[in-house]
2 protein chains.
Amino acid sequence: MNVLIVYAHPQPHSLNGALKDFAVQHLENAGHQVEVSDLYAMQWKSQLDADDSSSPPLGDFYHPSSDSKQAFEQGTQADDINREQAKLQRADAVIFQFPLWWFSMPAIMKGWVDRVYACGFAYGVGEHSDTHWGDRYGEGSLAGKRAMLLVTTGGWESHYAPRGINGPIDDLLFPIQHGILFYPGFEVLPPLVFYRSNRMDETRFAECCTALAQRLDTLWSAEPLAFRRQNGGDYLIPQLTLRPEIYPGESGLSIHQQRK
Amino acid sequence: MNVLIVYAHPQPHSLNGALKDFAVQHLENAGHQVEVSDLYAMQWKSQLDADDSSSPPLGDFYHPSSDSKQAFEQGTQADDINREQAKLQRADAVIFQFPLWWFSMPAIMKGWVDRVYACGFAYGVGEHSDTHWGDRYGEGSLAGKRAMLLVTTGGWESHYAPRGINGPIDDLLFPIQHGILFYPGFEVLPPLVFYRSNRMDETRFAECCTALAQRLDTLWSAEPLAFRRQNGGDYLIPQLTLRPEIYPGESGLSIHQQRK
């Protein structure tokens, strides 16, 4: 299988760097093809702007989504965007690896999403009608592929617990797991999170590698998160609210996942 | 009063550009001093890395937080970081204005946070003990200042409703409002969100300006979101979980806000 690791850490000699190297080695030893987009090493351009296309703007002024769509469709996207989209298309599974900075991904990885997720590629895909609101949330260009977050935090696990002050880790990751991964079609595997990254000794690092190896060995067999498909009947269209008879009276992030 | 607008949009001739211009004019007409950090115009550097300090790394290799702290304390930070920290220190209120891209801020604004929020400035501040876990979540360098998000989305309001497919807007903004604004001490005002940004005519734009003016006129009188102070007694320390007798059995993001 083909695995793409999209990786963001400024220092190769870091916990993240060591975990990334371990993952590459482990996957290759198991016979998989591995590509790594090491965003810092690539000096990835973070800001989405008019330079992302060699076409002139469609309208009087640059417009982020319509000009992204034009560039995608006409083949005038910047080369770095083309290359990353091709990596995504080759991949059977994608691992997004990053340290949690300010409760989200580092800017350089957000810039990868903002730019690589072109209109027509990751959004603005498919028919929009009264029964189908675009190919998204369970459908889309990346359907059939799997994705997983591999995250480190400085804070303790309890700080990210269901009643932890930072907010539950699943809720903090919802904008990424549901909004960035499930949206264009990925099946999203449960995240692998290593807490207290500054308190790492050899014993703990070995435990982390064991946990990571187990997750890499089950990339194709693990049960994905049970996010609800947008066009599968659970949502009113075009309001896109969960039908009132499903989890009646409840609200929040967790209702978009089916419970066992 | 001094107002800082941290603004991220690649096109001045855009809805966001027009709203930003309106806000500047409206605040200045009311006698306030306004500074704008127009991140695209400034060609803001997004990636946090070793170049953010002119000191050599403390250890054998660059480490994001400890070298950020050293640079902040020794005055060896990059000039662009110094300038933005000084703007924050001068400001009585800060408005963060951006289009919601992939359920978060554009990469260039995340890079402003990652770099300007230095260790010793926005985190790693204050005593850590059994009763006080740093000056954060209601205390910190930015205490006494107010902050507000001004956000546009392409999606409809119902898509961000309590049962909307994207997730409730308050939950999607929690990592920013609680994790980025409340964390270093800001009082956080309710966000101002304009939906369906691509469907904007003159009438609707005028309505948006009226709503924005009202929020700008009440920057100093509006009631902030009632996030709980970390060191105010509601949390067990060092676990930092909400005390079991508060909203017993509940979990999720909303428990960190006091209900009326």
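## Chain contacts and helix packing

The count of salt bridges between chain B and chain A is zero. This is a predicted model. The area buried between the two chains is about 5,200 Å².

**Interface between chain B and chain A**

- In chain B, 69 residues are in contact with 69 residues of chain A.
- Carbon and sulfur atoms give 65% of the area of about 5,200 Å² buried between the chains.
- Trp102(B), Arg163(B) and Ile165(B) supply 21% of the area that chain B buries against chain A.

**H4(A) against H4(B)**

- Helix H4 spans residues 107-116 in chain A and residues 107-116 in chain B.
- The two axes come within 8 Å and cross at roughly 175°.
- An angle over 145 degrees counts as roughly antiparallel, so H4(A) is roughly antiparallel to H4(B).
- From H4(A), the contact uses Ala107(A), Lys110(A), Gly111(A) and Asp114(A). They meet Ala107(B), Lys110(B), Gly111(B) and Asp114(B) of H4(B).
- By class, this contact has two nonpolar, two polar and four charged residues.

**H1(A) against H6(A)**

- H1(A) covers residues 15-29, and H6(A) covers residues 202-217.
- Their axes come within 10 Å and cross at roughly 40°.
- That angle makes H1(A) oblique to H6(A).
- The crossing of H1(A) with H6(A) is right-handed.
- H1(A) contributes Leu15(A), Ala18(A), Leu19(A), Phe22(A), Ala23(A), His26(A) and Leu27(A) to the contact.
- H6(A) contributes Phe205(A), Cys208(A), Cys209(A), Leu212(A), Ala213(A), Leu216(A) and Asp217(A).
- The contact of H1(A) with H6(A) has 12 nonpolar residues, one polar and one charged.

**H1(B) against H6(B)**

- In chain B, H1 runs over residues 15-29 and H6 over residues 202-217.
- The axes of H1(B) and H6(B) come within 10 Å, crossing at roughly 40°.
- H1(B) and H6(B) are therefore oblique to each other.
- H1(B) and H6(B) make a right-handed crossing.
- On the H1(B) side, the contact residues are Leu15(B), Ala18(B), Leu19(B), Phe22(B), Ala23(B), His26(B) and Leu27(B).
- On the H6(B) side, they are Phe205(B), Cys208(B), Cys209(B), Leu212(B), Ala213(B), Leu216(B) and Asp217(B).
- By class, 12 nonpolar, one polar and one charged residues make up the contact of H1(B) with H6(B).

How values were computed: Residues are numbered from 1 along each chain as its sequence is written. Chains are lettered from A and ligands numbered from 1 in the order in which they are written. This is a predicted model: local features need pLDDT of at least 70, side-chain atom pairs count only at pLDDT 80 or more; totals for chains, interfaces and linings use all residues. Side-chain values use heavy atoms; hydrogens and water are left out. Axes are lines fitted to C-alpha atoms, for helices over the stretch in contact, and angles run from 0 to 180 degrees between N-to-C directions. Helices (H or I, at least four residues) and strands (E, at least two) are DSSP runs, numbered from the N terminus. Angles under 35 degrees count as roughly parallel, over 145 as roughly antiparallel, 65 to 115 as roughly perpendicular and the rest as oblique. A crossing is left-handed if the near helix is turned anticlockwise from the far one by less than a right angle, and right-handed if clockwise. Contact means heavy atoms within 4.5 Å. Ala, Val, Leu, Ile, Met, Phe, Trp, Tyr, Cys and Pro count as nonpolar, Asp, Glu, Lys and Arg as charged, and the others, Gly among them, as polar. Buried area is the accessible area (1.4 Å probe) that two parts lose on being put together, summed over both. A salt bridge is a side-chain nitrogen of Lys or Arg within 4 Å of a carboxyl oxygen of Asp or Glu.
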